[in-house]
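I opened this notebook to record what I looked up in the model, beginning with the charged pairs and ending with the backbone.

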Amino acid sequence: MTSELRSWKREMIKHRDVYIGGEWVIPADGEEIELENPATELPFATVALAGPDTMAAAVHSARQAFDGGEWTSLPKEERLRRLERLGQYLADNAARYGDELVQEIGLPLAFARGGVMSAAHHVKYWANTWRDYPWTEERRGVSGVRARITKEPVGVVAAIVPWNAPHSLSASKIVPALLAGCTVVLKPSPLNAVSLRAFADAAEYAELPPGVLNVVPAGGPASDALVRAFGVDKVAFTGSDATGRIIAAAAAATLKRVSLELGGKSAGIVLDDAPLERLVATVPPAFTLNNGQACAAMTRMLVPRRRQAEIVDAIAAEVGRLTVGDPADPGTAVGPLAFRAHYERVRGLLDGAVRSGGRIVTGGSRPAGLEQGFYLEPTVVTDVAPDSDIAQQELFGPVLTVLPYDSVDDAVRIANDTAYGLSGAVFGADPEQVEAVAGRMRAGSVHLNNGLSVDIGIPFGGFKASGYGREFGPEGMDEYVEQRAVFLDGEPFRR
Ligand code: NAD
């Protein structure tokens with residue numbers, strides 16, 4: 001608890017403007033809100049949020065930049081060079097923005113800085129993908145006609161991002177969208193109105209033409225106006241399934257393209273012969289990563305009934321060793337939850353589980369010595385039904401629910417029996433059986449003998465209520481293009 005980065009030693013941050021058309025603009029219809037540091041419960045910043053008119057101005061600016069060709073008329077290599085500068089700026093300034101992110105949401109320092117750094121990795125990865133991407137292809141149709149199929153930028157993109165990993169989730173949209181030739185309105189969560197200015201500062205540094213990248217934090221009404229705007233062609237959204245449903249419905253009015261990266265309640269199936277040491281090494285980080293606020297976190301573990309006590313005890317012992325504390329301290333593994341209402345919701349769900357007979361094996365309380373801040377000990381819960389709230393709802397906190405099963409079919413059924421389908425895992429000694437069970441999981445990613453991993457080169461997204469569309473990999477570029485067929489020859493129609 002001695003880190004010099006501790007935010008309560010710092011001055012209040014004040015930002016009264018948002019970034020539109022290459023300029024910092026004070027929103028006339030906006031509001032100013034105070035942000036609270038989740039580690040201290042003290043205010044650390046006041047920030048401006050845009051209202052609907054300011055958002056309309058941002059859309060107009062992105063529309064003009066797209067229609068006027070300010071971005072696409074630059075030679076491709078020049079566009080890439082500017083994006084490389086954007087990535088370089090973020091890498092060079094990762095400590096500053098990462099430190100701000102620690103104050104905003106209490107993410108452990110290394111994760112916060114790593115998230116900002118990841119933007120540079122995105123640029124590097126997408127630059128290669130962009131070069132190899134099939135932008136144009138010639139094909140003969142069944143009638144013998146020749147056609148050229150080209151990939152065209154989808155247009156103006158509204159990139160709407162959540163608070164939990166805001167820099168990497170912004171980069172995974174902005175970088176492929178801009179490389180495809182789109183222009184972007186980035187809409188941060190109000191909670192990240194300080195640290196996501198990183199992208200506006202980087203756009204200035206990289207000399208992106210005005211309007212190509214706008215950064216406009218906003219609350220509900222202005223965000224809704226963004227989704228509904230005629231000038232927006234595509235909404236790329238990451239967030240909760242509740243907001244995803246609202247966005248899908250609102251976007252339907254203009255039939256704009258939508259991709260949705262939503263929540264999860266991912267299960268790990270532990271087969272009868274799974275080695276205990278592998279579980280101990282992989283399960284605790286898989287549900288406590290990002291202070292337990294990761295969409296793909298493995299938050300349910302299905303164990304053979306006969307091994308339940310042995311596995312639960314070993315995992316609980318390891319979880320009890322995790323360092324919970326000041327997120328600005330480099331030794332911290334788990335920091336506070338991001339904000340008060342969220343903390344109260346998670347604690348309420350835990351209390352509800354206990355009231356209906358659930359047993360907290362480890363954690364469940366405020367850690368000793370941390371009287372201030374939204375801290376919760378990493379928690380393992382058992383003796384709850386597979387259809388209970390705690391086993392079905394996305395908690396978004398460091399909580400693992402352990403459920404026993406009696407047969408592998410039973411385990412697969414329980415694993416798939418949620419609204420979500422983002423990620424899954426299978427642990428066992430026999431690789432063939434592990435793979436066979438993994439193949440039965442209804443999830444966008446499955447991990448063999450591992451709880452969770454993400455890689456920019458591998459498509460990421462959900463089945464069912466975890467959303468539609470994919471980020472990362474060449475599939476992530478598909479989200480920002482339309483396909484055009486140019487008929488090169490062919491016979492006239494004859495009666
Ligand atoms: P959220 O749905 O509350 O908010 C996400 C974003 O949507 C924010 O920028 C918010 O301001 C904005 N928003 C709110 N109402 C809106 C509206 N009516 N129209 C348009 N935008 C609106 O989610 P959150 O609490 O910020 O983030 C946590 C959620 O994100 C969790 O459910 C988590 O699983 C999910 N998530 C998913 C992934 C993934 O890749 N699948 C990654 C990270 C987080």
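Is R340 buried, partly exposed or exposed? I read R340 as partly exposed, because its relative accessibility is 34%, where buried means under 20% relative accessible area, exposed means over 50% and partly exposed lies in between (1.4 Å probe, protein chains only).

Before going on, I noted that this is a predicted model, in which local features need pLDDT of at least 70 and side-chain atom pairs count only at pLDDT 80 or more, while totals for chains, interfaces and linings use all residues. I also noted that residues are numbered from 1 along each chain as its sequence is written, and that side-chain values use heavy atoms, with hydrogens and water left out.

**Overall form.** I found 15 helices and 21 strands in the protein, taken as DSSP runs numbered from the N terminus (helices are H or I with at least four residues, strands are E with at least two). The C-alpha trace spans about 70 × 65 × 35 Å along its principal axes. For 495 residues a compact globule would have a radius of gyration near 23 Å, and the protein, at 24 Å, agrees with this; the radius is taken over C-alpha atoms, and the globule rule is 2.2 Å times the number of residues to the power 0.38. Of the 495 residues, 58% count as buried.

**Salt bridges.** I counted a salt bridge where a side-chain nitrogen of Lys or Arg is within 4 Å of a carboxyl oxygen of Asp or Glu, and the count comes to 28. In one of them, E36 pairs with R340, with the closest N and O atoms 2.7 Å apart. Since E36 lies in strand β4 (residues 31–37) and R340 in helix α11 (residues 340–355), this pair ties together parts that are 304 residues apart in sequence. E36 is partly exposed, at 28% relative accessibility.

I next looked at D489 and R146, which form a salt bridge with their closest N and O atoms 3.2 Å apart. This pair also links distant parts of the chain, for D489 is in the segment after β21 (481–487) and R146 in strand β7 (residues 146–153), 343 residues apart. Both ends count as partly exposed, D489 at 34% relative accessibility and R146 at 29%. D489 and R146 belong, with E138 and R148, to a network of salt bridges.

The pair of R81 and E78, whose closest N and O atoms are 3.1 Å apart, is a local one: both residues lie in helix α2 (residues 76–92), three residues apart, about one turn of the helix.

V216 is in the loop between β10 (213–215) and α7 (220–228) and counts as buried, at 0% relative accessibility. I noted that V216 and T54 are 162 residues apart in sequence but 8.6 Å apart in space, C-alpha to C-alpha.

Which residues other than glycine have a positive phi? I recorded L255, with phi near 50°, and K464, with phi of about 50°. L255 sits in the loop between α8 (241–252) and β12 (257–261) and is exposed, with a relative accessible area of 66%. K464 is found in the loop between β19 (445–448) and β20 (467–468) and is partly exposed, at 37%.
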